[in-house]
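Q: I would like to learn how to read a few features from a model. Can we take them one at a time, starting with a helix?

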Amino acid sequence: MVALVSQENVVTLVSRTGRELQRYRKGRRQVVGCIPYRYKIGEKNSLDVSDELEVLVISSQKGKGMLFPKGGWELDESQKEAALRETMEEAGVRGIVEGKLGKWSFKSKTYDTLYDGYMFPLLVQEELEFWPEQNLRQRRWMSISEARDVCQHWWMKEALDRLVNRLLRQKLGSEKQVLRSLNCIGDAKSDLLKV
């Protein structure tokens, strides 16, 4: 018997390596990454959106601190594809890559080079048991405040703040929509009582 497996469910257990396909712009290496997040079970009624969220951080390869998954944006992929690939390789999660949080320019702590970094939110849908860098990195779910404390890069902390603010605006927008709907229903009921 032959089993067919769709390509989207196959995970290669080898990370891409090398810099021959890496994108550079004006001498700056282009890197992309994600902030993997999920909602805590049963915690969607808090007034503070950061109380409802957990984010996934990973250890750096050198083991000196925690960060969000990121890596080189290669010539054969879009920014979102690269962000999703890097997140799967380094953190072992997959999900929905959402709209870009921004672009940051920074200097590498290891190399004396400049980088442009792009970060995206990733709403996690699947946490893999096996992934390419599982023997190189530790992954850990934590609160927003914990992640802000342990993240070693200022620009990733800023991206985290942007994510929290975006999700808060979305939550407040949907709550306003519900209130408007309830007000319309209330107006209709009061109009019926006048008849």
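Q: Is helix 2 largely enclosed or left open by the rest of the structure, and how many of its residues are buried?
A: Start from burial: a residue is buried when its relative accessible area is under 20%. This is a predicted model. In it, 10 of the 13 residues of helix 2 are buried, so the helix is largely enclosed by the rest of the structure.

Q: Which residues of helix 2 are buried?
A: Among them are Gln79, Arg85, Glu86, Glu89 and Glu90. The list also includes Ala82, Ala83, Thr87, Met88 and Ala91.

Q: What do the buried residues of helix 2 pack against?
A: Strands. The partners are strand 2 (28–39), strand 3 (53–59), strand 5 (70–72), strand 6 (93–97), strand 8 (114–127) and strand 9 (139–142).

Q: What follows helix 2?
A: Check the backbone angle there. Glycine 92 comes next, and its phi is positive, near 70°.

Q: How many aromatic pairs are there?
A: The whole structure holds 5. Take tryptophan 104 and tryptophan 155: their centres lie 6.3 Å apart, with 45° between the planes, so the pair is tilted, as planes from 30 to 60 degrees apart are. The pair links distant parts of the chain, with tryptophan 104 in strand 7 (residues 102–107) and tryptophan 155 in helix 4 (residues 154–194), 51 residues apart.

Q: What geometry do phenylalanine 106 and tryptophan 155 show?
A: They are stacked, at 4.4 Å centre to centre and 15° between the planes. This pair also links distant parts of the chain: phenylalanine 106 is in strand 7, tryptophan 155 is in helix 4, and 49 residues separate them.

Q: Are phenylalanine 106 and tryptophan 155 buried or exposed?
A: Apply the cut-off of under 20% again. Phenylalanine 106 has a relative accessible area of 11%, so it is buried. Tryptophan 155 is at 1%, so it is buried too.

Q: Which residues form one aromatic cluster?
A: Trp104, Phe106, Tyr115 and Trp155.

Q: Where does the charged end of arginine 38 sit?
A: Look for a charge above a ring. The arginine 38 end sits over the ring of tryptophan 141, 3.8 Å from its centre.

Q: How many disulfides are found?
A: A disulfide is a covalent bond between two cysteine sulfurs. The search of the whole structure finds 0. Cysteine 34 counts as buried because its relative accessibility is 0%. Cysteine 151, at 3%, counts as buried as well.

Notes
Residues are numbered from 1 along each chain as its sequence is written. This is a predicted model: local features need pLDDT of at least 70, side-chain atom pairs count only at pLDDT 80 or more; totals for chains, interfaces and linings use all residues. Side-chain values use heavy atoms; hydrogens and water are left out. A disulfide is a pair of cysteine sulfur atoms within 2.5 Å. Buried means under 20% relative accessible area, exposed over 50%, partly exposed in between (1.4 Å probe, protein chains only). Rings of Phe, Tyr and Trp (its six-membered ring) pair if their centres lie within 6.5 Å; planes under 30 degrees apart count as stacked, over 60 as edge-to-face and the rest as tilted. Helices (H or I, at least four residues) and strands (E, at least two) are DSSP runs, numbered from the N terminus. A charge sits over a ring if NZ of Lys or CZ of Arg is within 6 Å of the ring centre and within 35 degrees of the ring normal. Contact means heavy atoms within 4.5 Å.
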